[in-house]
Amino acid sequence: MSGLFDEGTSEPAPRAPRRGGQPRSRALIGTVVVLVVVFFGISVFDGIWTDRLWFQSVGYSRVFATVLGTKVLLFMVFGVLMGGIVGANMAIAYRFRPLFRPSSPEQANLDRYRDVVDPLRRWLTIGVAVVLGLFTGGSGAGQWRQFLLWRHGGSFGTKDAYFHKDVGFFVFDLPWLHYLVDIGMAVAVLSLVAAAVVHYLFGGIRLQAKNDRFSGAAQVQVSVLAGFFVLFKAVDFWLDRYSLSGSGGLFTGIGFTDDRAVLPAKSILTFIAIICALLFFANVLRRTWLLPSVGLALLVLSSILLGVIWPGIVQQFQVRPSEPQKEAPFLANNIKATREAYGIADTRITNYNANLRLSQAKLRADAASIPGVRLLDPALVSDAFEQLQQVRGYYSVPRVLDVDRYKVNGRLRDLVLAVRELDQKGLPDSQRNWANEHTVYTHGFGVIAAYGNQSDINDKPVTNNDGRPVWAEKDLPPDGVLTDMFPPNGYQPRVYFGEKSPSYSIVGKVPGGKNIELDLPEANGSSAQNNTFGGDTGVPVGGLFNKLLYAIKFSEPNIVLSSLVNKDSKILYDRRPRERLQKVAPWLTVDGDAYPAVVDGRIKWILDAYTTTDNYPNSQKDSLRSMTSDALSPNTTYATLPTDQIDYMRNSVKAVVDAYDGSVKLYEWNSPGQPEDPILKAWEGAFPGVVLPKRDIPPDLKQHMRYPEDLFKVQRNMLASYHVTDPKTFYAGTDQWKVPVDPENKANKQAPYRLSVRTPSGGPNPVFSLTSVFVPQKRQNLASFISVDADASRKDYGTIRILRLPSNTQVPGPSQIANSFGADSEIQNKLLAFTRTNSKAVYGNLLTLPVGHGLLYVQPLYTLRNTGEGTYPVLRFVLASFGDDVGIGTTLTAALDDVLGTPSTSGGSGSSSGSGSGGGAVVPSDVRALLEQAQAKFVEAQKALKKGDFVGYAQAQKQAQQLVDQALAKTSKAPSGSSGKPSPSPSPSSSPSKAPSPSSSPSPSKAG
């Protein structure tokens, strides 16, 4: 008895904690769930509310409201639709479950699951409906762009070649209809699966029964849901007729097989699917699965036979044996649609019988375009700009600089520009703290600019500066031609919004408070100058609520705790120009390059934005990333694109972001003679007032707008094939071109270059253009030269021109020219003096331009020291090639003289790999005397600088410059045959160089 008693009383002991633990476990789980929900809710609210504040600060609240409202609407509609229908079907299946179930092993096994599920049935139904609703709602919200295009889309005014429907149907309506049908099929399938599971679990479906496997209710519900699915599939088959993209793979769009096999098959399958759906609906009354099963089997079999096998047979046995003839009319439609969709239908192709020998007469005919050839390579001189004009380690410039045009002394000049931006990575480690990074070091300062043709302010070649850039704008405070364009205090050089700006900065001070933002660093003993941001943008963070919001957003408690954040403080974030534009106009695809311009005394970032689609009928699809990738931009990204594959592209918007206050303005754009973009019109209907009319663009701003690089790359990619308009020639591939690889980067295509070149409509003056070349497929000689008028202020802006070389003319291509330069003994001999002194040769951009009824190649040649800190490329020579002749000189004129084999007075080498050799330059004795006096004054200035005698330094420097000017004046007046003591051509390093001013920081050691 005692043992039994002990055993009986010992059992409850271990159970007591379990019974008591269940409430605690449930409470713990409940607490965790509540905390997760609260955390998620706070994060969502913080993101939405801070976005609302940001859009308010830039004046685009309507964009935020429209996008958010559309997303919420679609989320609710599709989420409720999916969750409600699936949940209702589950409830209906349970409501009409059999009250009595025949006893069987199958039902006995299911009893255990029913006992578990039945008490939780309501929660399970709600859970399944909510989860499916959330997923479907998220999917629907992601379709906000397509919904708004469908809602506001109109007509293109162009009809497709096969269905004779307006292109707007394919671009605006068809994608949305496809999505609705896909949602309908998903709802039907998921409802069918959910209802079938409930019916099976509660005995409505008995799979092991010999007869009556479906109860009456189960059969009705399954039949109806299956009928709706097949009916939606019928609509899907019908819509697929409009979305055919080419079964043969030769081109995008309807081909012979699509027209003769796939289109009829889709129509037949549509009617078979409708019949099958009717059979399922009829099963509600007939209660037999025979006819629906036969109909479904017929549909599946027909899909295989008509949708797969029959098109394959037509393609293999009817098209392949005579493909050129069969596909010719369809290929013609593809060519026409592609040229229209990419804006290349009006390309002007000129047969260009290029000369292979350059003469003085032909060179003089194109003399206007020679001095403007850009010798500074924007992809190479970044280090030179940074080392010579960085001023402090926390300033930086982009890896690839920009090219723009400004009027200097009444003449338009190409300038290579960079914005001196703040780069906090350059701060000393001891200065890297939250206060400095987010309240003190807040902005960059000014623009750095150099003349692209390595000439001075009077457009005279400069060879006496050791190969350094010839500055047009330099130093801090800024000094140069850009600053001089504006009255005192009329230039705002501060850069709060740039490509390297910090993630966020907190600016502003209380009335009468101290300026704490570093503006200008200390120089020559003078103290640093501070500043306070005075722009209208920025989100106020003076109140505790906004402080908490942004402390959560940036995970930074100092925003709440720091005394540097006062009642008048603002927070600046999302500061990169491209990022700001993508946020303000999320329906646009933004060009990869934001370029700066100084307009009306302010630095502006100009961006190009595109409307794109992948639904333009019969137009060729290709990867936007692939088409825009090249040696300068090997990895392009387009965050706003739903798909990387496009078949239509327009530069419909030009946008401007102010570098000081971050304000964003969007302007409607279309090239002269082109109609307004229908896709942009749809977006303007969805977001009225966001895009300003083209007429509102200020004239001074328009002068700096240019043709976008990414659009030109896409058009260049298409014109490599679609310059051919004859289908037979296109199919044969005998006239296919390709973009050559970059001679210095074999893994990527050669980038297009901005040059001022002569055009038929430009008269004697060169036109600012974006240029590139083509080579034939699988060959390296030149096939054609392509350019587009890039000056937005001209009426011919956007005109694409191709100079087509005859097939029997062997003009060397870029890779062949690079090989010629590399193999030329004279060039290599001149480089020996540098390569023997721990330096290497660096070849710049290989430019191609039409000159002298031929094609001239020009390439700057730099040297770069192999070791040491602060190295940067130094321009040593200019290489030129025309036909088979190669020349080298310290200036472009000297290199051309070398190509011609004539004596050079401007620093040529005096030799050519083609014909003849040039002589050395002859310097008149009086000019030499003045230069020697100038050199002595430069030495005197250097000595004064070392002693700290800034007054003596300035006087000697001024006298030296006057002597140089006198020498230049005498040189320009001297006749070509003037005699004097002959001397070898001066190299850049042998000429007197101007010493640095006392206000500048010590120059780094010379590179190369």
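Helix α21, covering residues 709-722, has 14 residues and stretches 19 Å from its first C-alpha to its last, close to the 20 Å expected at 1.5 Å a residue. The expected span here is 1.5 Å times one less than the number of residues in the helix. Helices (H or I, at least four residues) and strands (E, at least two) are DSSP runs, numbered from the N terminus. Of the 14 residues of α21, 13 are buried, so the helix is largely enclosed by the rest of the structure. Buried means under 20% relative accessible area, exposed means over 50%, and partly exposed is in between (1.4 Å probe, protein chains only).

The model is a predicted one, so local features need pLDDT of at least 70 and side-chain atom pairs count only at pLDDT 80 or more, while totals for chains, interfaces and linings use all residues. Residues are numbered from 1 along each chain as its sequence is written, and side-chain values use heavy atoms, with hydrogens and water left out.

Zooming out, the protein chain has 27 helices and 36 strands. Buried residues make up 52% of its 1008 residues. As for contacts (heavy atoms within 4.5 Å), take those with a separation of 6 or more: residues 24 or more positions apart account for 70% of them. The buried ones are Pro 577, Arg 580, Leu 581, Gln 582, Lys 583 and Val 584.

Next come the helix pairs. Two packed helices are described by the angle between their axes and the distance between the axes. Axes are lines fitted to C-alpha atoms, for helices over the stretch in contact, and angles run from 0 to 180 degrees between N-to-C directions. Helix α5 (residues 144-152) packs on helix α6 (residues 167-201) at about 125°, with the axes 8 Å apart. That angle makes α5 oblique to α6; angles under 35 degrees count as roughly parallel, over 145 as roughly antiparallel, 65 to 115 as roughly perpendicular and the rest as oblique. The crossing of α5 past α6 is left-handed, a label used if the near helix is turned anticlockwise from the far one by less than a right angle, with right-handed used if clockwise. On the α5 side the contact is made by Gln 146, Phe 147, Leu 149 and Trp 150, and on the α6 side by Val 171, Phe 172, Asp 173, Pro 175 and Trp 176. By class, this contact of α5 with α6 has 7 nonpolar, 1 polar and 1 charged residues. Ala, Val, Leu, Ile, Met, Phe, Trp, Tyr, Cys and Pro count as nonpolar, Asp, Glu, Lys and Arg as charged, and the others, Gly among them, as polar.

For helix α9 (residues 290-319) and helix α10 (residues 323-341), the axes come within 9 Å and cross at roughly 120°. This makes α9 oblique to α10. Gln 315, Gln 318 and Val 319 of α9 meet Glu 323, Lys 326 and Glu 327 of α10, a set that splits into 1 nonpolar, 2 polar and 3 charged residues.

Finally, the backbone. Most residues other than glycine have a negative phi, and most peptide bonds are trans. His 164, in the loop between α5 and α6, has a positive phi near 55°. At 53% relative accessibility, His 164 counts as exposed. Lys 778 also has a positive phi, near 65°, and sits in the loop between β28 (767-776) and β29 (784-789). With 80% relative accessibility, Lys 778 counts as exposed. A cis peptide bond, with omega about -5°, joins Leu 476 and Pro 477, and Pro 477 lies in the loop between β8 (471-474) and β9 (479-480).
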